Amino acid sequence: MIGKKVVHHMMMSEKDAHYVGGLVNGARIVVQWGDVGTELMVYADGDISLFLGYEKIEFTAPVYVGDFMEYVGWIEEVGNQSYKCKFEAWKVATMLDRTDADMEGIEHTAATACEPPILCAAGTGSLYIAKKDQRGPQEESFKDLKHRA
């Protein structure tokens, strides 16, 4: 890992629902990873970058309306103008009615932490900052970032 991990938190709302039963489209995870990658690039080289694409995305658990998600990313490799990043999406809390808990006498708004958190997706992505736009590390933990020649 190069520099620190970037972590974003978000609760999935009704507007995120795409399928029956409040299931959230996996594309919402990818959108959030884009923001995580952008923040990484600002810290690493002072530019918001261009996202080149994903090499692999694996969805491992469903995400529903009401789930609290944690989107994590970090830089694995630095090229001349490219950055290979790893991304993960973790469910850290969920609505109680999505578990096997007894809901007798409990409000429909009851929620619970996911202990341990549930990995919902993992992926690898590549980002790009043109040489002319690279301003060097903007955050202390990225001070040792070196570009390949």
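This report describes the predicted model of the protein, from its overall make-up to individual residues.

## Basis of the model

Residues are numbered from 1 along each chain as its sequence is written, and side-chain values use heavy atoms, with hydrogens and water left out. Since the model is predicted, local features need pLDDT of at least 70 and side-chain atom pairs count only at pLDDT 80 or more, while totals for chains, interfaces and linings use all residues.

## Overall make-up

The protein contains 1 helix and 7 strands, where helices (H or I, at least four residues) and strands (E, at least two) are DSSP runs numbered from the N terminus. Read from the N terminus, the order of these elements is β-β-β-α-β-β-β-β. The C-alpha trace spans about 65 × 30 × 20 Å along its principal axes.

Of the 149 residues, 39% count as buried; buried means under 20% relative accessible area, exposed means over 50%, and partly exposed lies in between (1.4 Å probe, protein chains only). Among contacts (heavy atoms within 4.5 Å) with a separation of 6 or more, 77% are made by residues 24 or more positions apart. The protein exposes about 8,200 Å², of which carbon and sulfur atoms supply 54%; accessible areas come from the Shrake-Rupley method with a 1.4 Å probe, and for residues only the protein chains shown count as cover.

The protein has 15 positive and 23 negative charges, and their mean positions are 11 Å apart. In this count Lys and Arg are positive and Asp and Glu negative, with His and the chain ends not counted, and the place of a charge is taken as NZ of Lys, CZ of Arg, CG of Asp or CD of Glu.

## Strand pairing

Two strands are said to pair if DSSP finds at least two bridges between them. Strand β1 (residues 2-11) pairs with strand β5 (residues 68-78) in the antiparallel sense over 7 bridges, and within this pairing Ile 2 has Ile 75 of β5 as its bridge partner. Strand β5 is also joined to β6 by 10 bridges, again with the strands running antiparallel; here Gly 73 stands opposite Phe 87 in β6, and a hairpin connects β5 to β6 through 3 residues.

Strand β6 in turn runs antiparallel to β7, with 13 bridges between them, and Lys 91 stands opposite Ile 118 in β7.

## Buried polar residues

Thr 94 lies in strand β6 (residues 82-95) and counts as buried because its relative accessibility is 6%. The side chain of Thr 94 makes a polar contact with the side chain of Asp 67 at 2.5 Å; a polar contact is a pair of N or O atoms within 3.5 Å, where within protein one must be able to donate a hydrogen and the other to accept it, and residues adjacent in sequence count only if both atoms are side-chain atoms. Leaving aside neighbours within four places in sequence, Thr 94 is in contact with Gly 66, Asp 67, Thr 99, Ala 111, Thr 112 and Cys 114.

Gln 32 lies in helix α1 and is buried, with a relative accessible area of 6%. When residues up to four places away in sequence are not counted, Gln 32 touches Met 10 and Tyr 71.

## Backbone details

A cis peptide bond, with omega of about 0°, joins Glu 115 and Pro 116, and Pro 116 is found in strand β7 (residues 111-128). Ser 49 has a positive phi of about 75° although it is not a glycine. This serine lies in the loop between α1 (27-45) and β4 (50-59), and Ser 49 is buried, with a relative accessible area of 14%.

## Loop residues

Lys 15, in the loop between β1 and β2 (17-19), is exposed, with a relative accessible area of 67%. The C-alpha atoms of Lys 15 and Leu 96 are separated by 20 Å, the two residues being 81 residues apart along the chain.

Met 103 lies in the loop between β6 and β7 and is partly exposed, with a relative accessible area of 23%. Not counting residues up to four places away in sequence, Met 103 touches Leu 96, Asp 97 and His 108, whereas Met 103 and Ile 75, which are 28 residues apart in sequence, are 42 Å apart in space, C-alpha to C-alpha.
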